[in-house]
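Reader: Hey, I'm new to this one. Can you walk me through it?

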Amino acid sequence: MITRDVRQAIARAVAAAGFGCADPGLRPAGGPGRYASSVAFGLGERPREIAGRLAAELAREPWIAAAEAAGPGYLTVAVTWQTLTALPGRIAEAGPACATSDALRGMTLQAPPAVDLFAVATWEEAWRALAAELTARLASAAGATVALPRHPERTVPAPQARLSAPGGEARARSDEEGAKPPAKGRRPATEVAAAVAYAGLDEVRFSLARSVPGHPVRIEEAKIARHVLENPAYAVRYAHARAASGVRWAAALGAEAGPPRPPADPGELALLDALSWLPERVAVAARRGRPDEFARYLEELASATIATLSSTSYPGSARAPGTDRLALARAARAGLAAGLGLLGVDAPDRM
């Protein structure tokens, strides 16, 4: 959510300096709570001078610790420790909205019908249809206007509503579309349908979502069905379940999240940093038409979640169940659920 705040602050600074609208072009800047922007390069012939003017405007924001021009014209922004410390609580409170922004406001696109993976003939067809669907879903979350498909019966509701669907996002969608596994003993008609029947709809959707354009689509049903962390389709959903178990463990012991405090270790900082990029990664993937980039970002977020919440100082660990790190477990659960929901994949609390 911090990247959303930085984006909006840069937009205000650009307007205050008398320039027109420009994308901030955010990127990491050497550590948690530090962000770089290439916005000045699109605003004039002297980008470093422009970056300095924008930095002066940004320095007025109370939640920004430092803003300055760097290199040939980059704008760097560092938020205060208080801002970084407050992030877990903000994400947990926002829920699915933690992934949203207005980054693509003004963009309009047509939403395709939701893909029925039991009906498509080939992996390439499945990938193309799902990529179009997910691009529209991500764009909507990033503030674009997405026109509904022509067939209302196959309309995909907003992600926030879908996350509360009984049985989970992907399962509810499958039920609505009438997608049913073949009768027992019968081989599905297509390779895609066979993989869904064998590995599961969520596993196939995530594996297709992360497939890179321009490369052959190869989905091996035996691999994506494995419950190992080397399988991304499992690891991201497991990370959500791990965060949920930490929250559950703490609740069972009557533990409460402690007051916000500065991040204490590298793992915690890495997780906070990954969470701070959530809305920006949604917007960039939608703008580029690359849902695979967002799926791979979720893999990074999952890796940071598992590593951090598996340490002995976090809820659900053997030595310190229900500690004051509960807020970070809640934030990881909310962020991963929001991301998986945008991909139309179930976020289980137990695995």
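Author: Of the 351 residues in the protein chain, 52% count as buried, where buried means under 20% relative accessible area, exposed over 50% and partly exposed in between (1.4 Å probe, protein chains only). This is a predicted model, in which local features need pLDDT of at least 70 and side-chain atom pairs count only at pLDDT 80 or more, while totals for chains, interfaces and linings use all residues. Residues are numbered from 1 along each chain as its sequence is written, and side-chain values use heavy atoms, with hydrogens and water left out.

Reader: How many helices and strands does the protein chain have?

Author: There are 14 helices and six strands. Both are DSSP runs numbered from the N terminus: helices are H or I with at least four residues, strands are E with at least two.

Reader: Which residues touch the most other members of the largest nonpolar core?

Author: Leu117, Leu208 and Phe294 do, in a core of 95 residues. Helix H14 (residues 326-342) gives the largest share of this core, ten residues. A nonpolar core here is a set of buried Ala, Val, Leu, Ile, Met, Phe, Trp, Tyr and Cys residues joined through side-chain atoms within 4.5 Å.

Reader: What is leucine 208 in contact with?

Author: Leaving aside neighbours within four places in sequence, leucine 208 is in contact with Leu117, Trp123, Ala126, Trp127, Leu130, Val217 and Ile219. Contact means heavy atoms within 4.5 Å.

Reader: And tryptophan 127, is it buried or exposed?

Author: Tryptophan 127 is buried, because its relative accessibility is 18%. It sits in helix H4. From leucine 208, tryptophan 127 is 81 residues away in sequence but 5.8 Å away in space, C-alpha to C-alpha. Besides Leu208, tryptophan 127 touches Ser211, Pro213 and Val217, not counting residues up to four places away in sequence.

Reader: How many residues of helix H8 are buried?

Author: Nine of its nine, so to speak: helix H8 (residues 201-209) is mostly covered. Among the buried residues of H8 are Asp202, Glu203, Arg205 and Leu208.

Reader: What do the buried residues of H7 pack against?

Author: They pack against H4, H8 and helix H9 (221-224). In helix H7 (residues 191-199), the buried residues are Val192, Ala193, Ala194, Ala195, Val196 and Ala199. Just after H7, glycine 200 has a positive phi of about 120°.

Reader: Switching topic: at what angle do H1 and H12 pack?

Author: The angle is about 70°, and their axes are 7 Å apart. That makes H1 roughly perpendicular to H12. On the H1 side the contact is made by Thr3, Arg4 and Arg7, and on the H12 side by Pro279, Glu280 and Arg287. The axes are lines fitted to C-alpha atoms, for helices over the stretch in contact, with angles running from 0 to 180 degrees between N-to-C directions. Angles under 35 degrees count as roughly parallel, over 145 as roughly antiparallel, 65 to 115 as roughly perpendicular and the rest as oblique.
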